[in-house]
Amino acid sequence: MTERYDLIVVGAGPAGSATAYYAARAGLNTLLLDRQEFPRDKPCGDGLMPHAASEVALMGLGDWLDEPHHGKFTGLSLYTQTAFLRQGVPPTLHGPQGYIITREETDAKLLERAVSAGADFRSGHRATKLRRTPAGDVTGIEAENGSGSLRFDAPLVVAADGIGGFASSGMKAPQNAVARRQYFKNVGGPNHQDIHVFITKDMNGDGAGYGWVFYFGDGRANVGAGVSTRALARSGRNLKDYFDRFLEEPQLAGWLEGAEAEAPPKSWSLKMGMWGAKRYTQGLLMVGDAGSMIHPISGEGVGYALESGRLAASWAHEARARRDFSAATLAGYEKQLRHKRAREHVSGYAMVNLVPNLTLMEPLFKACEKDPDARRTLIEGFTGDSPIYSLLKHPKTLATALRQGIKEAVSS
Ligand SMILES: Cc1cc2nc3c(=O)[nH]c(=O)nc-3n(C[C@H](O)[C@H](O)[C@H](O)COP(=O)(O)OP(=O)(O)OC[C@H]3O[C@@H](n4cnc5c(N)ncnc54)[C@H](O)[C@@H]3O)c2cc1C
């Protein structure tokens, strides 16, 4: 028997649960399905940046954020080859902090909110096919749950399947980064109220990426590294190699003395930056990683997954009210998303792609050490709280960095 819904959401990560939560609350009969059983792990840095924490609080989970075993960070420490920058993070709806919470716990909690709002959740269900009429109208999906194939009807589907391949023909852009993380107990280090980000010489070389140490509230830490696939191709190295060398960096090796790994590291891939993906078509919206919403500099995606889910749900509601699921109507979702995020994505994308070697950024890092306003802007560009082009508002510091860069280039 086919079951009929107003909306089907494929994937119950942050993007899917947010979509289903807001859609169900708005009165849409919503099906949310995931191929996995929950709670489930998802390789991640587990960082909820300030704006992500605000999205979580908007879903009624503000008090849950403050549970004592959760990490709370009030600052970001950035270590580069020559500079050390520290900056307090911008306030959230829930105070001047961000959080470190395992994705196993966060995703289960967000899913609980979607279910309590009225979404019909099916775990262990893998969506296999998007169904359309010959005219292109979406009529639902096909899925399998281990004991056979099933059909679910709906005029609108939201793909929230992360890097999964559901409904991706002509929609998703190829992955352009990979990242690896490992949980440790008893990690040392100077300040557990900060998140620590390292742009090491090894990572700088091919413009690869960065490493991190994020502390939970219970003595554990998430240690990881992310690198671009372009850097892997250039260097002929693999992610494991970058990650292992990161753990051997003298500063980090010191912090890890006496630490104990909880389990082997896990890796996953990412598509950073909004560009190259299509986020809507007739009867279909893409949210979160499926919609290529990861920040181009930091690799942070949970906040954008939640935000895109919230916006997609409002457009699902609008489309149903109009009884119009055409691409022209659903384009409103894309327009709204671009209005909110395009500037920071374009400028971040430009920085990541136009700077061939992050060593060239060292004079800028150094100059920002001495200018608190420029430093705030730089760090907020990293956390996604400000577009990186806002650095143009600090011409003196940019000029100092440029002069220093030229001096070093001439003398080398
Ligand atoms: C190592 C690493 C570190 C990161 N660190 C951070 C960080 O610290 N902070 C941050 O904000 N972001 C971070 N990110 C990015 C972040 O993990 C993603 O942006 C986030 O998971 C996106 O959520 P999502 O809901 O779009 O997708 P996902 O969380 O990937 O969820 C997709 C869901 O879809 C399900 N699914 C897939 N295919 C199907 C199908 N056919 N049928 C049914 N279900 C399906 C999957 O089982 C999964 O549950 C990191 C990424 C990596 C790889």
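# Reading this model step by step

Q: In what order do the three strands of the open sheet come, and how do they pair?
A: Strands are DSSP runs of E at least two residues long, while helices are runs of H or I with at least four, and both are numbered from the N terminus. Two strands count as paired if DSSP finds at least two bridges between them. Here, three strands make an open sheet in the order 4-8-5, with antiparallel pairing. Strand 4 (47–48) and strand 5 (71–73) are the edges; each has a single partner strand, so one side of each has no neighbour in the sheet. Strand 5 meets strand 8 (residues 98–100) over three antiparallel bridges. For instance, Gly-71 has Ile-100 of strand 8 as its bridge partner.

Q: Before we go on, what kind of model is this?
A: It's a predicted model, where local features need pLDDT of at least 70 and side-chain atom pairs count only at pLDDT 80 or more, though totals for chains, interfaces and linings use all residues. Numbering starts from 1 along each chain as its sequence is written, and side-chain values use heavy atoms, leaving out hydrogens and water.

Q: How do I read the sheet with four strands, and which of them stand at the edges?
A: Read the order across the sheet: 1-12-11-10, open, with mixed pairing. Strand 1 (3–4) and strand 10 are at the edges with a single partner strand each, so one side of each lacks a neighbour in the sheet. Strand 1 runs parallel to strand 12 (residues 149–153), and the two share two bridges. Across from Glu-3 you'll find Phe-152 of strand 12, and across from Arg-4 there's Asp-153.

Q: Which residue forms a salt bridge with Asp-153?
A: The general idea is that side chains of opposite charge can pair when their charged atoms come close. To count as a salt bridge, a side-chain nitrogen of Lys or Arg must be within 4 Å of a carboxyl oxygen of Asp or Glu. The whole structure has 28 of them. In one, Arg-131 pairs with Asp-153, and their closest N and O atoms are 2.4 Å apart. Arg-131 sits in strand 10 and Asp-153 in strand 12, so this pair ties together parts that are 22 residues apart in sequence.

Q: How many residues surround the ligand?
A: A residue is near a molecule if one of its heavy atoms lies within 4 Å of it. By that rule, 38 residues surround the ligand, and the closest are Asp-34, Gln-36, Gly-45, Gly-47 and Asp-289. By class, the shell has 17 nonpolar, 10 polar and 11 charged residues.

Q: Where do backbone atoms come in, say for Pro-14 and Gly-301?
A: Pro-14 has a backbone N or O atom 3.2 Å from a ligand oxygen. A backbone N or O atom of Gly-301 is 2.9 Å from a nitrogen atom of the ligand. A polar backbone atom of Val-302 is 2.9 Å from a ligand oxygen. On its own, the ligand has 1000 Å² of accessible area, and the protein covers 96% of that. Elements giving two or more residues to the shell include helix 1 (14–25), strand 14 (177–185) and helix 8 (302–322).

Q: Is the peptide bond from Phe-38 to Pro-39 cis or trans?
A: Most residues other than glycine have a negative phi, and most peptide bonds are trans. The bond from Phe-38 to Pro-39 is cis, with omega near 0°. Pro-39 belongs to the loop between strand 3 (30–33) and strand 4.

Q: And is the phi of Asn-186 positive or negative?
A: Asn-186 isn't a glycine, yet has a positive phi of about 60°; look for it in the loop between strand 14 and strand 15 (194–198). Ser-292, not a glycine either, has a positive phi of about 65°, and is in the loop between strand 21 (284–286) and helix 8.

Conventions
Polar contact = N/O pair within 3.5 Å; in protein donor to acceptor, adjacent residues only side chain to side chain. Areas by Shrake-Rupley, 256 points an atom, 1.4 Å probe, with all protein chains shown as cover. Nonpolar A, V, L, I, M, F, W, Y, C, P; charged D, E, K, R; others polar.
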